[in-house]
Amino acid sequence: MPEPVYFSYVERFFNPDELVASFVYEIGFAHSEPRRFVESVTFPHPFDTVRISSELFERLLDSLHLMLGISYYKLYCPKDIRMPYLLTQEQSEFWSTVYRKGLGEFAYRNNIDLRYIQFPFTQTTPAPAEDVSTQERALVGIGGGKDSVVAVELLRAEEISSEGFVIETYAKHDIAENVCAVANIPLNHIVRRLDPQVFDVLPGSFKGHIPISAVYAFLGYTAALLYDFSYVVTGNEWSSNFGNVDHYGEQINHQWSKSLEFENMFTRYTKNYLSPSVRYFSIVRPLYEIRIAELFARYPQYFSVFTSCNRKFRIDPLGRPGSMWCCECPKCAFVFLMLAPYIEKDQLVSIFGRNLLDDRALLTVFADILGFGSMKPFDCVGTFDEACAALHLVRAIYAESAVVTSFADRITDGEALVQEVRKVAPASSVPQRFRFAGMESVLLLGYAREGKTTEEFLRSKYPQLQIAHADQSEDPQYLEKQHDYDIVVKTAGIPKEKITAHYTTATNIFFSRFKGITVGVTGSKGKSTTASLIHSMLTAENMPSVLVGNIGVPMLSVLESHTSPNQVAVIELSSYQLDDCEFSPHIALVTTLFSDHMDYHGSEKAYHEAKKRIIMFQKTTDYYVYNDEYAALSAWTTETSATSVPYVETLPFSDEAIPLLGMHNKTNVRGAVTVARLLGVSDEAILTAVKSFKSLPHRLELVGEYKGIRFYDDSISTTPESTIAALEAVPNVQALFLGGHDRGYDFTELEQEIIKRGIKNIVIFPESGRRMFAKREGLNILETESMDEAVQFAYAHTPQGGACLLSCASPSYGLYKNFEERGDAFAQSIHTLSTK
């Protein structure tokens with residue numbers, strides 16, 4: 001028996017005239033000549049070589065070289081792996097795992113321990129991943145079975161243009177062609193030619209299963225980049241995550257390369273080392289096989305052309321059944337069982353040629369499928385639970401069939417199993433754009449303004465969806481309802497940690513579908529004013545724009561009416577909205593950064609990380625605009641792919657043109673000017689917008705003057721830092737309103753600022769106010785819950801020419817629903833006082 005010494009990825013090259021990539025491998029032996037193998041891949045048609053860089057194309061070929069090599073490595077599985085490529089440790093771990101877990105069944109059947117597989121690595125710095133402009137369309141892997149059919153139809157329902165692709169190895173794939181003909185989509189043929197030696201009986205070599213879906217993933221991903229697709233879509237179900245048997249302490253899964261684990265690994269690898277511009281995913285990932293079978297049954301036009309029988313796709317034509325189904329393998333048996341509850345019995349028997357549930361020769365196969373046998377079959381079959389659930393559903397229709405009479409009585413919890421396997425699994429791998437694909441019911445978790453707008457959008461876009469809502473104001477146990485529905489739409493005010501179901505958010509829905517230019521504005525303070533200024537500047541330039549988000553206009557309210565690619569959406573984004581947002585705007589602006597919302601995020605670090613997500617998904621063509629007065633925001637410039645732009649230093653007009661109080665508002669204007677210029681707004685339009693701009697409600701708003709005393713509503717100031725800024729902006733403050741919901745802020749600096757300014761008349765609201773001013777000597781303090789009493793106190797102790805300032809350094813919750821309600825109460829009390 002030859003003694004293998006090494007496996008080498010020798011070289012690879014590409015013939016642009018014939019569109020053929022060739023990959024050379026070598027296995028070295030201790031006492032004999034090395035053996036070389038050459039594999040070729042032919043791409044379906046010419047591609048635009050300008051679309052991607054030559055460097056990225058070379059890296060795609062490198063990855064294909066490594067992936068395709070698994071067919072040759074498995075022949076002898078040498079420990080020494082040699083290659084001309086420099087891998088990082090992370091890349092090495094990826095490839096080592098793909099080979100070890102992908103060859104798991106192979107190792108089990110040949111009784112080999114492959115835990116020694118280790119790809120070499122160095123401490124090299126990899127080339128950066130490359131952004132590529134791609135159209136929003138999908139390249140769908142067509143296997144010819146029910147899963148790929150459902151994938152195609154779900155994409156059609158989502159109004160996403162798609163084409164199919166198939167990997168042909170020696171034989172023409174008539175089944176895929178017939179499926180695509182029925183679907184009326186083009187089919188791209190990628191031709192793979194294995195070295196003929198792999199079919200020979202080589203001395204001492206091994207045979208067995210490889211992770212073929214991983215091979216298809218790399219080939220499909222490469223084709224998507226070459227042919228201008230943004231998605232590679234598969235029909236890999238949730239059931240593929242469950243393995244067959246343990247081997248040397250590791251679970252062996254025949255379907256590992258279809259699993260969520262592989263999908264997530266592949267996504268990270270391609271995003272970090274190739275390009276983030278193409279997303280590989282399964283559109284049916286949240287669904288068990290039985291739910292996919294139910295969906296497939298709605299498309300009878302495919303019944304005569306589909307097959308899931310793996311024997312039908314064998315490389316050797318002599319090993320293929322003459323009909324569409326062999327009716328002998330576990331896959332045929334399982335698919336028949338899955339479809340039996342949803343397709344009429346006579347029609348299903350006609351599809352397969354006979355009733356497989358009445359075939360006693362298959363009783364052992366069905367026992368293994370149902371979990372009553374020796375082991376789950378090494379085939380693409382689902383879980384024991386869904387097999388039992390399907391048998392329970394057909395126990396009456398197929399009552400006399402052999403499989404029902406043999407096993408149905410052994411299923412004692414059938415109804416519970418049916419309920420369980422019809423549930424949707426939480427699958428974050430599904431892009432936000434496709435979260436509703438295949439869903440039948442949705443729960444709106446939180447039903448205020450945003451929730452109601454979301455309902456309107458969903459009823460318009462998905463009229464078949466069953467929509468329900470749950471809100472804490474109506475039911476304290478509302479969170480317990482989330483698993484009763486296929487998908488949840490979470491309002492921003494609910495922390496993501498409380499959601500355990502498959503879910504999305506209105507923010508993600510908007511970003512995944514909006515076709516125009518997005519400008520996102522966030523920050524601890526100043527975001528509303530800055531976003532409004534940007535919108536005013538765009539309006540002054542007659543550029544189509546809309547102001548939405550946390551400022552009070554739900555994003556989804558404008559999605560259907562603003563579809564032009566030239567439309568600009570200026571979006572105020574809170575940390576709540578950003579915390580689980582999977583998108584970044586084309587232009588991201590961050591105004592300020594300090595501690596806030598600790599009760600929601602749990603820590604300052606978590607709060608800052610939520611804010612940072614506004615730049616984490618940006619591309620090289622995007623912009624990060626930041627206030628460089630904050631060192632942390634300057635440090636973020638190293639963590640984004642976007643071009644970083646600090647606020648402009650000087651304005652194209654004098655400070656007198658700014659009608660807003662305070663230096664912080666001048667800074668807000670600088671940020672808005674920076675963004676406006678990036679969007680092509682003229683300085684003339686910028687000046688027009690600034691001069692006519694009015695302070696937003698509850699933001700240093702002069703709400704009244706009574707007997708020479710000015711009353712300012714700054715209810716938006718819910719942190720000590722923002723109240724300090726208000727004190728710097730408003731002249732001659734003689735009375736100050738403080739306190740509210742206690743988030744545990746440190747008020748030391750604010751107290752020092754108040755003492756320094758000689759402000760003695762102070763109103764304190766609970767709860768946080770009780771922690772302020774441990775030493776109160778020399779201060780005139782009123783503790784109250786009444787706004788009327790507070791205003792009367794401030795008026796009584798403020799001399800003419802002085803100002804009373806509502807700027808509480810704390811949220812309003814407790815006494816008031818929100819800061820708007822608190823500010824309105826302040827204005828009403830002033831009005832009441834002035835009419836006495």
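**Stop 1: strand 27**

Select residues 803-806, strand 27. Both of its faces are covered in this predicted model. Ala803 and Leu805 lie on one side, Cys804 and Leu806 on the other, and all are buried. Buried here means under 20% relative accessible area, with exposed over 50% and partly exposed in between (1.4 Å probe, protein chains only). In a regular strand the side chains alternate between the two faces of the sheet. Strands (E, at least two residues) and helices (H or I, at least four) are DSSP runs, numbered from the N terminus.

Numbering starts from 1 along each chain as its sequence is written. Local features need pLDDT of at least 70 and side-chain atom pairs count only at pLDDT 80 or more, while totals for chains, interfaces and linings use all residues; side-chain values use heavy atoms, without hydrogens and water.

Pairing requires at least two DSSP bridges between the strands. Find Arg710: its bridge partner in strand 27 is Ala803.

**Stop 2: the largest cavity**

The whole structure holds 5 cavities of 30 Å³ or more. A cavity is a set of points, on a 1 Å grid over the protein atoms alone, where a 1.4 Å probe fits but cannot get out; lining residues have an atom within 4 Å of a point. The largest has a volume of about 100 Å³, counted as the space filled by probe spheres set on the points, which are joined across faces, edges and corners.

Select Arg100, Leu114, His247, Glu250 and Ile252. Of the 13 lining residues, these are the closest to the centre of the largest cavity. Strand 10 (250-252) gives the most to this lining, 3 residues. Helix 3 (89-102) and helix 4 (104-110) each supply at least two. The lining divides into 5 nonpolar, 3 polar and 5 charged residues.

**Stop 3: helix 5**

Select residues 146-157, helix 5. 10 of its 12 residues are buried, among them Lys146, Asp147 and Glu153. The buried residues pack against several elements, including strand 5 (137-141), helix 6 (174-183) and helix 10 (330-339); contact means heavy atoms within 4.5 Å. End at Glu159, which follows helix 5 and has a positive phi, near 60°.

Technical notes: On a 1 Å grid over the protein atoms alone, a cavity is a set of points where a 1.4 Å probe fits but cannot get out, and a pocket is an open set with protein on both sides within 12 Å along at least five of seven lines; lining residues have an atom within 4 Å of a point. Ala, Val, Leu, Ile, Met, Phe, Trp, Tyr, Cys and Pro count as nonpolar, Asp, Glu, Lys and Arg as charged, and the others, Gly among them, as polar. The expected span of a helix is 1.5 Å times one less than its number of residues.
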